Structures are given as C-alpha cells and as structure tokens.
Amino acid sequence: AARADLFEQAVCVVTPTAKSPAKSVRRLEEFWRAVGARTVRLTPELHDEFVSRSSHLPHVVAAELANYVLSPAHPKEQAWLCANGFRDTTRVASGSPEMWRDIALANRKNLARVLGVFVEDLQELQLALENADGKAIQEFFEMAKQRRDQWCGQPASPSSE
C-alpha cells in the first residue's frame with residue numbers, strides 16, 4: 001500500500017513520557033511532519049482513553065452487530081436482508097481477531113468503561129422506543145447526524161465523504 005501521499009494529513013499521535021528526551025520527541029515529530037502527517041502530542045493515558053472510544057469501541061460494536069445479526073440462531077433469510085448499510089457498518093469486524101483480542105486486553109479498563117457508557121446510552125434509546133417517545137428518538141438521530149456531519153465537514157477530516 002506504499003504511495004507518496006500515504007501519510008498526507010494523517011494524524012500521528014506522539015506519546016512522550018517524563019523519560020522521553022525532548023530532542024528525540026521533536027525529531028520524531030519532525031519526521032512525521034516531513035512525510036505529510038499532522039502530529040498531536042498526548043499523554044499515553046489520554047491516547048488510550050481517546051482510542052478506546054474512537055477505535056476500539058467501533059470494532060466491538062461492529063463485531064457484536066455481525067455476531068448478533070448473522071447468528072445461526074436467526075433464519076437464513078435474515079442475512080438476505082443485510083445490504084450496504086450493514087456491510088459498511090460491520091466492515092471492521094473482518095479485522096484480525098487475534099490483534100483485536102490483544103488490543104482489547106491491553107486497553108481493557110478504558111474499553112470496559114466506554115462500553116458501559118455506550119450501553120447506558122442505548123438503554124436510553126431503548127426506553128424511548130418502549131415509551132413511543134418520538135421526540136427523544138428524533139433527537140437521538142438528529143444529534144448523531146449533526147455531530148457526524150460536523151466531523152465530516154472539518155477541513156482536515158479523514159473522511160472521504
């Protein structure tokens with residue numbers, strides 16, 4: 001997958017610690033900028049917190065969606081109704097199970113915490129559905145659309161949309 005623009009506008013997180021020589025950190029950031037990346041300095045702890053939400057949680061959600069919808073407990077016709085939206089949403093579930101096991105274990109405390117918050121948010125939606133609360137359901141979808149559209153509209157957004 002090598003190509004000249006491979007790292008153009010890619011975000012590269014540098015996670016120095018108190019033991020990291022300042023000169024080495026600067027040289028590392030200069031290297032990444034030289035190949036086109038945008039560097040961001042974070043503590044290792046903050047990095048792990050952020051990726052638990054933006055990387056690890058989406059993999060868990062995609063995997064559970066694939067596990068649940070494509071379960072052999074459901075009739076074979078279930079899979080026939082899975083179209084582009086399902087394919088796009090579950091794409092990352094095709095990643096290496098060994099690698100994602102290791103990632104989940106390495107960042108288990110953060111991932112477990114954000115998974116708990118995610119489940120609570122889904123339970124709020126579930127309650128709105130049970131109560132036929134059209135206003136809350138619409139607000140749920142409106143907020144998601146607004147937040148994603150805003151993220152995609154950022155000048156340096158990695159989204160191709």
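Modeller: Happy to. First, what counts as a pair: rings of Phe, Tyr and Trp (its six-membered ring) pair if their centres lie within 6.5 Å, and planes over 60 degrees apart count as edge-to-face. Keep in mind that this is a predicted model.

Biologist: Thanks! How many aromatic pairs does a search of the whole structure find?

Modeller: Three aromatic pairs turn up. In one of them, the ring centres of Phe 7 and Trp 32 are 5.2 Å apart with the planes at 80°, so this pair is edge-to-face.

Biologist: Where in the chain do Phe 7 and Trp 32 sit?

Modeller: In distant parts, 25 residues apart: Phe 7 is in the segment before β1 (11–14), while Trp 32 belongs to helix α1 (residues 22–34). Together with Phe 31, Phe 7 and Trp 32 make up one aromatic cluster.

Biologist: And why is Phe 7 classed as partly exposed?

Modeller: Its relative accessible area is 34%, and partly exposed covers the range between buried, under 20%, and exposed, over 50%.

Biologist: Nice. What about the rings of Phe 140 and Phe 141?

Modeller: Their centres are 5.1 Å apart and their planes at 80°, so that pair is edge-to-face. Phe 140 is partly exposed at 35% relative accessibility, whereas Phe 141 is exposed at 52%.

Biologist: Switching topic: which residues form a nonpolar patch on the surface?

Modeller: Val 11, Val 13 and Val 40 do, with about 200 Å² of accessible area together. Val 40 lies in strand β2 (residues 38–41) and is partly exposed, at 32% relative accessibility.

Technical notes
Residues numbered from 1 in each chain as written. Predicted model: local features only at pLDDT ≥ 70, side-chain atom pairs only at ≥ 80, totals over all residues. Heavy atoms only, no water. Phe/Tyr/Trp six-rings, centres within 6.5 Å; stacked < 30°, edge-to-face > 60°. Helix = DSSP H or I, 4+ residues; strand = E, 2+ residues; numbered from the N terminus. Buried < 20%, exposed > 50% of the residue type's maximum accessible area, 1.4 Å probe, protein only. Patch = residues over 30% accessible without salt bridge, like charges linked within 9 Å, V, L, I, M, F, W, Y side chains within 5 Å. Areas by Shrake-Rupley, 256 points an atom, 1.4 Å probe, with all protein chains shown as cover. Salt bridge = Lys/Arg side-chain N within 4 Å of Asp/Glu carboxyl O.
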